[in-house]
Each structure stands twice: as C-alpha cells, then as structure tokens.
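Subject: Structure handover

Hello,

Here is the structure I promised to pass on.

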Amino acid sequence: MADRNSSAMDLPKVMDQKIKCLSKQKKSLLGSVAAIKTLAGILRGCYGPCGRLKFLVSSQGKTVCTGYAATILGALELEHPAAQLLREAAQTQAENSGDGTTFVVLLVDALLEQAEAMVQAGLPHSRVREAYAMATDEALKILPTLVVCSLDSLADPALALRSAVYTHSLSHPEYLAKLVSQACQDSRDPDGSFNPERLAVCSVPGAGLGDSSLIPGFAVYGAPCGKITVVLGGAKVALYSCPFGPVSPHTPSNAHLTSPEDLINYKNGEERMSSMLVTQLASKGINVVVVWGQINEISLLHADQHGIMVVQAKSKRQVVQLSQIMGITMLPFLMPPLVTGQCLKVYTKEMALGLAVVFEWDYLYAPAFTVILRGSTNEGLKGAEQAVHHAIKAYAQLSQDPRLLPGAGATELALAKELSELASQLEGPNGPGIHAFARALRSLPVILAENAGIQGADIMAQLQGHHQAGNTVMGVGDEGSINVTQEGIFDPFIVKTRGLRVAADVVLELVTVDDILIAKKSGEFIHPKESGSESNNLKHHPTSLNNN
C-alpha cells in the first residue's frame with residue numbers, strides 16, 4: 001500500500017517530465033490539439049489590458065483593427081471541427097456575458113495541452129475526462145470563497161467595468177468606463193432595476209474620444225423630412241409604422257384615371273384627405289411624428305403648415321425602442337393616438353452614419369440616455385462603441401449578480417493553489433488530473449505578464465509566494481505584482497463562472513475524441529493526417545481513406 005501511495009504521489013513529477021518531453025514532439029495524439037493551439041496563438045497577444053490589436057483584412061479588401069476575440073474568431077475561415085466548436089463556445093460566452101472570450105479560448109488550449117500530456121503518459125481518455133469534471137466542480141465551489149466585494153460596495157462603480165472596456169478600446173479606457181458607469185447608474189429604474197434597452201450609443205466623427213458625453217435622451221437614426229427640424233419647449237410625439245399620408249392597405253396602390261376630370265378629382269380628394277389627417281393630429285397638440293414608412297409630399301406640406309416635425313426613421317427596431325421608452329403605442333394607421341409621448345425637446349444631430357433625431361428630457365426625469373462617442377477615426381469609433389456596448393452588458397450582468405472577484409490573474413492563481421492542495425490529498429488518477437487543471441489555470445497569468453512585457457517566470461515566482469502565504473489578491477501589474485483590490489482591478493463573478501463552465505464543457509467534449517472522419521458525397525471517409533506540417537494548420541487538408 002505504501003508503494004502504491006508513493007507512486008501516486010510521484011506521478012505529478014512524472015507528468016511534469018512528460019510535458020517537457022512532449023513540447024519537443026511534433027505529432028499529437030489528440031487530433032484537436034494542433035487546431036486549438038493555432039487558434040489560441042492568434043488570440044494570445046490580445047489577452048489582458050496590455051493586449052495588442054489585429055488588422056483583419058476581408059476578402060473584399062476591407063480592413064478592421066480590433067483586439068476583440070469574438071470579432072477575430074468570426075472573421076477566420078475555420079475548417080477543423082474542433083476549432084469550429086471552440087469558436088461557437090467562445091462566441092456564446094461573448095453574447096451572454098460580453099467579456100471572457102479570450103479567457104475561454106486560452107483556457108481550453110491549456111487544458112487540452114495538459115490532457116495530451118496525460119494521455120501520452122498512459123492515462124486513458126475516460127480517466128482524464130473524469131478528473132477534469134471533478135476539477136471543474138471543485139473550482140466552481142471554490143470561486144464564491146474568493147469574492148472580495150460587490151458592485152454596490154464600490155466607491156467608484158466604474159472599476160467593475162474596466163476589464164470589459166480595456167478589451168475593446170486602448171484609448172481613454174478609464175474615461176469610457178466612468179461614462180458608461182454614470183449612464184448605467186442614471187438610467188436605473190426607481191426600484192433599482194437596470195434595463196439595458198434604456199441606453200443607446202451614437203458615434204459622431206470628429207474631436208477626440210475624451211470629448212464623448214452623455215445626454216438625457218434617445219437618438220433615432222433618421223432625418224426630418226420637412227421644414228420643421230427643431231421642436232423646443234415641450235414636444236408631443238406620435239409613432240407610426242405606416243406611410244405618412246392617406247395611403248391605406250385596403251385600397252389599390254395604382255389609381256385608374258380615364259379623363260382630366262378624374263385626375264383633378266383624384267388630386268383634390270388626396271389633398272382633402274391629407275389635410276384632414278394632418279389637421280386631426282394637430283388638433284391633439286402633436287408636433288412630432290416619427291414614421292417608419294414612406295412620406296407623402298402633400299401630407300408633408302400640410303404638416304409644415306401646422307408646425308409638425310415629420311421624422312422618417314431608418315430602423316423599425318429603434319422606433320419600437322422609442323415606443324417602449326415613452327410608454328406609447330406605435331400605430332399602424334395615421335390616426336391621432338389616445339396617448340402621446342412627451343419630452344423636453346427634439347432636435348437633429350449629425351452622426352457617423354448620417355443624421356439622427358435626438359429626443360431629450362430633463363436629466364432628473366429622463367427615461368433613456370444616449371452615450372455620444374467622438375473620435376477622429378472610424379476604427380477608433382468602432383472599438384469605442386464596441387467597448388461601451390459590452391460594458392453595458394457587463395453592468396447588466398452585475399445587476400443580476402453584483403459579486404466581484406480579484407482580477408489580473410489573481411483568481412486563477414488562487415484557484416490553482418486550492419486545486420493543487422486538493423490533488424495532493426487524492427489517490428489514483430484524479431490527483432494528477434486536478435494537478436493538470438491547476439497548471440492550466442496558472443498559464444493565464446503568465447500570458448498577462450508576457451503581454452505586459454514582463455518575464456513570466458519571474459513574476460510567477462513572486463505571485464506563487466504571495467498566494468502560498470495566503471495573500472490571494474495579488475495579481476499581474478504593468479511592472480510586477482500588485483494588490484488588485486488596492487488598484488481596483490476586478491472581474492465579475494458571473495462572467496468568470498460562465499467562462500470556466502464553457503471552457504470545461506468544450507474540453508470534456510474534445511478530450512475523448514481521437515479521430516475525425518469526414519463523409520464525402522463520393523462515399524469515402526477522410527480524416528486529418530496524424531503527422532506533418534498540415535496538422536498545425538486551422539485549414540486542415542485531410543487525406544482520403546477508402547471506405548471498404
């Protein structure tokens with residue numbers, strides 16, 4: 001029994017030796033490792049606040065500069081099934097949480113690398129899967145014990161949004177985080193709940209990103225069609241999903257005219273109908289009409305005479321969002337509404353994609369807010385807009401679960417320490433498997449350090465010493481180890497939890513795959529080569545295998 005326990009305790013050392021040997025070998029026993037490693041290599045330099053950007057050039061020659069993993073993954077043409085599976089999982093993380101996409105990809109890569117080493121050492125795939133599943137469950141149990149604060153307890157809520165902003169914008173991230181934090185706080189409902197639909201983002205070329213601002217209103221892409229372009233001193237608004245004029249879906253679209261008298265009567269009838277419709281609106285005090293449809297010129301002339309501002313919206317979704325904000329109904333026919341929307345003023349503003357009409361309220365009573373972004377380049381504006389959208393999504397996540405974990409790699413190191421202590425107490429294959437999971441987690445702070453220009457080995461020695469001494473809030477800074485709570489660097493608990501689950505699910509699915517068979521129309525099955533330079537490519541060109 002003593003010999004068996006001794007061999008079990010020595011197995012992690014054997015695994016470490018195997019990992020060093022495997023790094024020199026070219027062929028992989030797990031067919032998915034090479035594709036995942038290539039994908040992770042593309043995103044490795046984008047991880048963390050010091051991450052770099054990528055120039056993406058489309059087949060049409062359009063260039064996009066971004067460091068956002070979901071955008072980069074979406075632009076890649078992936079043929080390997082494992083790479084496609086990982087991309088789908090990472091994009092799911094981005095859609096649900098707005099952050100943690102690169103974390104998922106890099107963690108999957110590290111876990112598969114460790115799994116490959118264990119398989120090479122003779123551990124069956126099923127045992128690796130069992131050990132990883134146990135490690136995932138234990139990590140999810142440990143995470144709540146690492147929470148250091150909550151959103152409500154922060155003196156500056158912008159600190160909780162910094163990680164989401166840094167991922168997308170390298171220019172003025174602190175200012176953007178404060179701007180989004182103010183917008184989210186000011187747009188909260190009286191009961192304290194937060195609705196992301198009450199926030200809008202509009203980009204305006206010119207000036208600098210530091211000139212961005214927050215207005216108490218909502219911007220609708222579109223333009224005034226008549227002479228009235230501004231309504232001040234109180235606006236009464238009506239919304240329609242039909243043409244602005246006497247057109248009805250129950251009448252034919254083409255008039256059949258057989259004589260000049262018919263033409264005169266038709267024109268007179270159309271003008272009388274248009275005058276009647278617009279007069280009815282004016283009698284209800286309506287001075288702003290937003291239409292998602294065509295504009296009748298005769299009706300527009302009557303609207304100008306009655307001082308009604310007519311806005312032709314380009315997006316039905318924004319009109320629907322405006323109806324929700326104002327609490328009024330978007331009508332399918334041009335008739336006076338029972339309830340009109342009200343705001344302080346309505347005016348036109350030049351935006352990145354043309355003109356927009358801004359509906360503005362008094363700041364204290366505004367039901368919606370719009371973040372106006374300024375920038376000198378389109379690429380900078382796109383990155384800033386993406387940063388704001390994902391910061392809003394991160395705030396929405398924190399409204400559901402306000403808990404915050406220490407950032408800058410401190411959480412990963414604390415998890416790795418706890419898992420390593422647990423693994424040292426276990427017998428059998430689960431111990432080495434959990435040790436491997438801990439090693440994978442430790443690789444993430446190393447990437448943060450390398451992207452910051454710090455030697456990974458040096459800072460890891462410092463950080464592991466701090467964590468062994470019980471200081472679990474030490475992480476990677478720009479120049480060395482830092483106390484992340486003092487520096488205000490946090491990760492949302494819900495984002496980290498979801499990212500860990502997504503990465504574990506992908507690995508548990510891939511770790512038992514030892515071959516890839518592709519059915520062709522010709523009736524043959526083909527699978528990727530097990531050796532050669534092609535195994536390192538995302539575009540895997542398989543060799544044929546006769547189906548006999």
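Helix α4 passes helix α5 in a right-handed crossing. Keep in mind throughout that this is a predicted model.

**The α4/α5 pair**

A helix pair is described by the angle between the two axes and the distance between them. Here α4 covers residues 81–97 and α5 covers residues 101–120. Their axes come within 8 Å and cross at roughly 150 degrees. On the α4 side, the contact is made by L86, A90, Q93 and A94. On the α5 side, T101, V104, V105 and V108 make the contact. Sorted by class, that gives six nonpolar residues, two polar ones and no charged ones.

**The sheet**

Next, the strands. Three of them form an open sheet, in the order β4-β14-β5. The pairing is mixed. Which strands stand at the edges? They are β4 (199–205) and β5 (213–215). Each has a single partner strand, so one side of each is left without a neighbour in the sheet. From one strand to the next, the twist averages 25 degrees.

Strand β14 spans residues 369–375. Three bridges join β14 to β5, and these two strands run antiparallel. For a residue to look up, take S213: its bridge partner in β14 is I372.

Helix α12 (residues 378–400) packs on this sheet. It touches β4 and β14. The direction of α12 makes about 170 degrees with that of β4.

**Two residues to look at**

H390 sits in α12. Is H390 buried or exposed? Its relative accessibility is 11%, and the cut-off for buried is under 20%, so H390 counts as buried. The H390 side chain reaches the backbone oxygen of Q386, at 2.9 Å.

I42 belongs to helix α2, which runs over residues 33–44. I42 has a relative accessible area of 26%. Buried needs under 20% and exposed needs over 50%, so I42 is partly exposed. How far apart are I42 and I72 in sequence and in space? They are separated by 30 residues along the chain, and by 8.8 Å from C-alpha to C-alpha.

**Where to start**

I would open the views in this order:

- the right-handed crossing of α4 and α5;
- the β4-β14-β5 sheet, then α12 packed on it;
- H390 with the backbone oxygen of Q386;
- I42 with I72.

Best wishes

Methods. Residues are numbered from 1 along each chain as its sequence is written. This is a predicted model: local features need pLDDT of at least 70, side-chain atom pairs count only at pLDDT 80 or more; totals for chains, interfaces and linings use all residues. Side-chain values use heavy atoms; hydrogens and water are left out. Axes are lines fitted to C-alpha atoms, for helices over the stretch in contact, and angles run from 0 to 180 degrees between N-to-C directions. Helices (H or I, at least four residues) and strands (E, at least two) are DSSP runs, numbered from the N terminus. A crossing is left-handed if the near helix is turned anticlockwise from the far one by less than a right angle, and right-handed if clockwise. Contact means heavy atoms within 4.5 Å. Ala, Val, Leu, Ile, Met, Phe, Trp, Tyr, Cys and Pro count as nonpolar, Asp, Glu, Lys and Arg as charged, and the others, Gly among them, as polar. Two strands pair if DSSP finds at least two bridges between them. Buried means under 20% relative accessible area, exposed over 50%, partly exposed in between (1.4 Å probe, protein chains only). A polar contact is a pair of N or O atoms within 3.5 Å; within protein, one must be able to donate a hydrogen and the other to accept it, and residues adjacent in sequence count only if both atoms are side-chain atoms.
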